[in-house]
Amino acid sequence: MADKSKSGSLLIKGGHLIDPAARINTPMDVLLRDGRVADVAPTNKIRGGTDETFDAHGLVVAPGFIDLHVHLREPGQSYKETISSGTAAAAAGGFTSVCCMPNTSPVVDSVEWVAWLQQPQRGAVVNIFPIAAATQASKGAVLTDFRGLQRAGAIAVSDDGRPILNESIMRETLRLAAEIGLLVIQHAEDTRLTENCSMNESTTSFRLGLRGMSAATEASIVDRDVQLSQQFTGARLHVAHLSTAEGLKAVRRGKRSKARITCEVTPHHFSLTDADVGDYNTYCKMNPPLRSAADREALLVALADGTVDAIATDHAPHATHEKIIEFEKAMFGITGLETALGLAIARLHREQKISLSRIVELFTAGPARVGDLRGRGTLARGNYADVTIFDPKKRWTFEAAKSRSKSRNTPFDGWPLTGKVVATIVGGKIVYKSN
Amino acid sequence: MTNVARGSLLDIEHLDAKDITALLTLARRMNPLKPRPLLRGKRVLLLFYEPSTRTRSSFEIAAKSMGGMTTLILSSGSSIEKGESLLDTAYTLQAVGADVMVIRNPYAGAPLLMAQHLKVPVINAGDGMHEHPSQALLDAYTILRHKKTLNGLQVVIIGDVYHSRVARSAIHLLSKFGAHVTLCGPPEFLPELAMCLAPGLHITRTAEEAVRGADVIMVLRVQKERLAGMKIRLQDYIARYQLTLARLKLAKRDALVMHPGPIIRGLELTWEVADCPQSAIVEEVHNGVPVRMAILVRALGKAK
């Protein structure tokens with residue numbers, strides 16, 4: 001074993017390969033060469049010399065995980081996170097590709113910023129796929145240059161956090177994006193009805209005297225967007241961080257129609273409920289907010305039955321002074337890259353009996369399909385050599401203080417998790433290895 | 001609550017009946033006219049981010065009459081205006097030598113946040129829409145001067161429960177002592193969620209039904225400053241929920257009329273009701289002093 005492999009070849013030997021897109025769930029060796037998958041074969045069948053070997057006995061070998069929803073905070077908010085620190089956290093969490101949201105300062109709404117994000121000087125250790133703003137400065141008024149943004153490398157457009165409420169703007173967004181096959185991601189929230197709200201409307205919000213967001217504010221936007229999507233052949237609508245049972249119903253209706261509707265769910269929404277806000281725990285303040293136990297149940301069902309396409313973290317780092325303040329003033333969001341797999345296995349596999357293969361699908365083939373990330377999400381020969389190797393049985397305790405993220409805003413500090421990333425390989429190169 | 005200085009009073013919800021009884025007993029031993037110097041040399045910081053007449057003056061009088069020193073910090077005219085955070089203001093006041101901090105703040109949970117980070121006790125003098133524990137205590141004190149016990153009492157809380165920290169504290173307190181609490185108001189002011197606050201709560205949308213047979217009627221102020229975008233027609237509200245003499249007649253003959261103040265005559269209650277013989281509105285204010293004396297004494301650990 002070696003820590004670094006430049007180009008050259010790397011043989012991952014003795015592991016159990018789970019590659020849902022290829023319908024593989026069996027012991028297999030994987031040979032990576034020159035940044036690509038060179039061979040996948042039963043254990044000990046790959047002959048010939050390799051520069052390096054990784055012993056994966058007792059471990060699961062999977063296509064590299066893809067996170068469709070992270071906030072890397074650059075440009076402009078490097079006190080919260082940088083591309084370098086955020087992607088280091090991604091690598092530690094097993095993610096080989098992350099799609100970063102444009103709500104930075106300034107907003108990533110131009111070709112120049114999309115290019116800037118991908119420059120080597122940013123120090124990314126995993127692949128970055130920018131999501132560009134759908135409207136200038138995400139103000140919801142004037143559309144950005146979709147074609148140019150796509151050419152510069154944007155895989156989607158979204159005004160995440162500032163949902164497009166104006167129907168004609170959303171229609172134009174979907175129409176233009178459909179023309180060039182660009183994905184549109186919507187944070188589904190009718191913000192006209194959630195002003196000054198800081199958590200889910202619930203017995204907890206009432207008890208704490210906090211203004212609550214009603215669950216209906218999600219489904220109404222999903223329904224509208226699904227209807228708009230149906231008007232344009234080729235439109236692809238992805239619903240970010242879906243959080244409610246009603247929202248799921250709207251997605252299911254959309255999936256039955258001819259429109260191409262996909263959705264993601266975060267680890268915190270399938271792990272926690274609004275009751276976890278307790279007595280004003282700002283580490284349980286995010287948007288969409290933690291929802292009711294019934295909503296969480298509905299998400300668990302949808303994660304199991306295939307309605308949900310991807311697990312996405314909505315990794316949202318914030319500095320301490322933005323979180324250790326009055327609840328209503330605290331920023332929305334929590335970090336999530338390093339706890340995603342451990343929560344998925346602890347909650348979905350061990351508690352809910354969802355298969356490991358389905359969980360891997362939600363981290364790999366699912367998001368690759370949503371984002372149309374060709375050559376990723378499955379370890380077919382010739383695909384990118386992005387691999388995640390994890391120990392599915394490893395019990396461990398997450399310590400926020402040891403996070404690679406610059407921020408510590410997580411409700412999962414000290415949580416017992418199951419399943420730990422052992423190595424993360426991007427383009428054939430080991431970018432993270434646990435000790 | 002974790003890591004909160006002893007003697008803090010953050011809410012009623014997490015207090016048990018024994019603590020409340022002890023506080024009320026202590027309050028009965030307080031004589032504002034002949035106070036003992038139980039706070040001599042103690043520094044009481046009053047940190048008010050919101051307007052207040054009753055709460056502020058009664059805490060101040062309570063502290064001073066027992067020999068304590070008070071310093072009043074208002075959000076205007078202090079470094080709060082320059083953008084100092086709540087916690088930094090709190091650390092500053094602790095550093096200048098505060099022995100106890102009394103805080104009123106528009107943000108729910110602000111006193112808890114302070115208490116979690118300070119070594120000195122923190123007293124909540126009203127936080128956003130959350131709780132107003134000293135008000136609930138003085139209301140209980142007032143009721144118990146007229147009624148033998150809270151247990152089994154028919155208490156109506158009428159008005160804008162949603163925005164009311166007074167209501168939340170009162171509901172917790174009354175329920176802990178076995179009072180039958182009925183909440184009354186339109187859905188905008190009284191969502192069904194209110195039922196979650198305590199077991200055994202009743203909700204009614206009709207003032208007449210609520211008031212009939214009541215022992216105590218607590219009227220809440222319509223808080224125009226917190227209505228934020230709510231569409232409620234005041235004329236309709238007045239027609240359906242204003243406490244009038246006619247409605248008051250449906251209650252028990254000796255029913256007590258209460259209101260945390262400030263009252264808006266002609267809105268949530270009529271002029272006549274505010275001044276009727278059954279009105280305890282002025283008495284509540286009066287009782288605020290001994291109750292807040294007790295809260296301060298408990299915070300500073302004297303007078304066993």
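The model is predicted.

Chain B is assigned two domains. Domain 1 of chain B covers 17–131 + 287–300, and domain 2 of chain B covers 133–284. Their centres, taken over C-alpha atoms, lie 26 Å apart. At the boundary, 21 residues of domain 1 of chain B are in contact with 20 residues of domain 2 of chain B. On the domain 1 side, at least two residues each come from α1 (17–28), α2 (54–65), β4 (122–127) and α11 (281–300) of chain B. This side of domain 1 of chain B comprises 9 nonpolar, 8 polar and 4 charged residues.

Two of these elements, α1(B) and α11(B), also pack against each other. Their axes are 8 Å apart, at an angle of about 115°. The crossing of α1(B) with α11(B) is right-handed. From α1(B), the contact uses L23(B), L26(B) and A27(B). From α11(B), P290(B), V291(B), A294(B), I295(B), V297(B) and R298(B) take part. By class, this helix contact has 8 nonpolar, no polar and 1 charged residues.

Chain B also touches chain A: 20 residues of chain B are in contact with 15 residues of chain A. On the chain B side, α4 (110–117) and α6 (165–176) each supply at least two residues. The largest share, 3 residues, comes from α4(B). The side of chain B that touches chain A divides into 13 nonpolar, 5 polar and 2 charged residues.

Key
Residues numbered from 1 in each chain as written. Chains lettered and ligands numbered in written order. Predicted model: local features only at pLDDT ≥ 70, side-chain atom pairs only at ≥ 80, totals over all residues. Domains from an automatic or database assignment. Contact = placed C-beta atoms within 7 Å. Helix = DSSP H or I, 4+ residues; strand = E, 2+ residues; numbered from the N terminus. Nonpolar A, V, L, I, M, F, W, Y, C, P; charged D, E, K, R; others polar. Axes fitted to C-alpha atoms, helices over the stretch in contact; angles between N-to-C directions. Left-handed = near helix turned anticlockwise from the far one by under 90°.
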